[in-house]
Amino acid sequence: MISISSTPKTIIPITELEQSAFCQVEGNLRTKTLEEEFQSGVRWQKVPTRYLKLTPEQVEAGIKYARKEIGTKAVVLGHHYQREDVIQFADFRGDSYLLSKHAAETKEAKWIIFCGVHFMAETADLLSDDDQHVILPNMAAGCSMADMAASDDVEDAWDDLMDVLGEGENGQAEIIPITYMNSTAAIKALCGRNGGLVCTSSNADAAYDWALARGKRILFLPDQHLGRNTGLAKGIPAEDMVVWNPFRPMGGLSEEQLHNSKVVLWQGHCSVHTRFTVKQIEEARRNDPDVNVVVHPECVREVVDAADCNGSTEFIRKTVEGAPAGTSWAIGTEINMVNRLRDGNPDKRIFCLDPVVCPCATMYRIHPAYVLWVLEGIMAGVGINVVQVDAETKRDALVALERMLEVGG
Ligand code: SF4
């Protein structure tokens with residue numbers, strides 16, 4: 001008999017201050033006890049006190065034991081940005097989309113433990129079967145970018161856009177919403193209800209084509225940088241892309257600006273990827289004229305322009321792993337992933353563009369003790385931190401996800 005313990009309905013939005021809570025000049029991301037990590041100043045989900053003082057070794061032994069006991073009834077998915085002490089237990093590693101696909105394909109496991117952030121666990125719930133339960137070990141592991149597009153704000157913005165632009169005619173919409181995978185299920189559902197779709201950083205380009213074949217312009221949520229970089233790569237002039245500020249009436253835009261626009265970019269960003277600068281790229285090239293610079297398209301336009309190439313987390317991984325021995329790589333993405341690429345490719349020189357060691361503070365909140373907590377819950381027949389999307393949201397969000405699959409990329 002399985003019971004689902006009461007789970008917080010909403011997660012706590014992450015502040016910019018919290019996002020830099022784990023940054024340090026001396027790069028030692030060694031896992032400490034949960035009690036010690038609670039001193040970091042970020043908000044953590046409460047956990048039974050007995051987990052607070054467990055040493056990393058005790059936690060590791062506990063997880064190994066629980067995994068053996070539970071067997072194939074549970075699968076652990078680990079995002080590339082997870083800390084080493086967590087990802088070592090992952091059955092599958094990948095970016096958010098790949099992991100959700102794994103969740104959908106892994107029918108045997110009744111429990112899907114998603115070591116990532118909240119929107120990823122929601123997406124896994126959307127794609128998995130009804131008798132599978134998705135668990136996020138720490139419900140305080142949100143995503144600051146996804147938090148920047150609160151569903152009430154986006155609903156209001158959509159109503160304003162409809163008032164100004166209208167629905168369109170002759171089968172062509174005035175505006176089509178596209179949301180990046182890094183958004184809540186509610187935003188994905190809004191896109192599904194309104195003729196739009198979801199995209200990833202791998203297929204944003206194809207999603208633009210799909211949308212512009214059906215509408216005059218795009219509303220891109222929630223990452224303005226991915227939206228802008230994608231538009232520029234497709235030849236859309238920067239001046240045709242306007243930014244919607246959710247804190248100002250009508251997004252701070254005039255009706256004329258909206259009518260003249262090709263893309264309306266939501267004013268959101270990733271606090272991790274916006275740390276990278278052109279100055280860091282120049283410094284890397286000064287130190288090593290042969291260095292290759294690869295960055296994520298969530299970086300600002302100037303950084304993407306200055307880099308040698310840009311692409312999704314999976315693109316970065318494949319590019320660096322596939323590069324010839326002896327090459328040198330400066331990478332603009334999350335530090336845990338860069339460190340793992342460095343350790344796994346000793347024949348290359350690999351380093352992070354940012355000299356400050358700054359992990360994604362929400363990903364970092366998946367401390368191994370939380371993983372042990374939820375695994376022990378499963379052993380006791382209790383689902384802790386089960387993420388469940390309501391039926392109506394699920395129906396509409398799946399429409400937007402299916403359109404993404406149609407687009408491919
Ligand atoms: S790296 Fe950026 S987009 Fe990814 S989870 Fe962290 S804050 Fe969100």
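Biologist: Let's start with a loop. Between which two strands does N170 lie?

Modeller: Keep in mind that this is a predicted model. N170 is not a glycine, yet its phi is positive, at about 50 degrees. Most residues other than glycine have a negative phi. As for its place in the chain, N170 sits in the loop between β6 (168-169) and β7 (172-180).

Biologist: Speaking of α11, is α10 roughly parallel or roughly perpendicular to α11?

Modeller: Helix α10 covers residues 204-212 and helix α11 covers residues 224-233, and they pack at an angle of about 70 degrees with their axes 10 Å apart. Angles from 65 to 115 degrees count as roughly perpendicular. So α10, relative to α11, is roughly perpendicular.

Biologist: Which residues of α11 make that contact?

Modeller: On the α10 side, you'll find A204, D205 and Y208. Counting both sides of the contact of α10 with α11, there are four nonpolar residues, one polar and one charged. The α11 side is made up of L226, T230 and A233.

Biologist: Now try α8 and α9. Are they roughly parallel or roughly perpendicular?

Modeller: Helix α8 (residues 151-165) packs against helix α9 (residues 185-193) at about 20 degrees, and their axes are 9 Å apart. Angles under 35 degrees count as roughly parallel. That is why the word for α8 and α9 is roughly parallel.

Biologist: Is the crossing of α8 and α9 left-handed or right-handed?

Modeller: To find the crossing, look for S151, V154, E155 and W158 of α8 against A186, I187 and L190 of α9. Those contact residues divide into five nonpolar, one polar and one charged. The crossing of α8 and α9 is right-handed.

Biologist: What about α3 and α17: is their crossing left-handed or right-handed?

Modeller: Helix α3 (residues 56-70) and helix α17 (residues 368-379) pack at about 30 degrees, with axes 9 Å apart. They are therefore roughly parallel to each other. Their crossing is left-handed.

Biologist: How many charged residues are in the contact of α3 with α17?

Modeller: From α3, the contact includes V59, I63 and R67, and from α17 it includes V371, L375 and E376. Sorted by type, the contact of α3 with α17 has twelve nonpolar residues and one polar, and the charged ones number four.

Biologist: Let's zoom out. Which element gives the most to the side of domain 1 that touches domain 2?

Modeller: The chain is divided into domain 1 (3-143 + 363-388), domain 2 (149-268) and domain 3 (276-352). The centres of domain 1 and domain 2 are 32 Å apart, and their contact takes seven residues from domain 1 and six from domain 2. On the domain 1 side, α5 (96-105) and α6 (118-127) are the elements that give two or more residues. With four residues, the one that gives the most is α6.

Biologist: Last one: how many residues surround the ligand?

Modeller: The closest are C143, M145, C270, V272 and C360. By type, the shell around the ligand divides into eight nonpolar, four polar and one charged. The number of residues that surround the ligand is 13.

How values were computed: Residues numbered from 1 in each chain as written. Predicted model: local features only at pLDDT ≥ 70, side-chain atom pairs only at ≥ 80, totals over all residues. Axes fitted to C-alpha atoms, helices over the stretch in contact; angles between N-to-C directions. Parallel < 35°, antiparallel > 145°, perpendicular 65-115°, else oblique. Contact = placed C-beta atoms within 7 Å. Nonpolar A, V, L, I, M, F, W, Y, C, P; charged D, E, K, R; others polar. Left-handed = near helix turned anticlockwise from the far one by under 90°. Near = placed C-beta within 6 Å. Domains from an automatic or database assignment.
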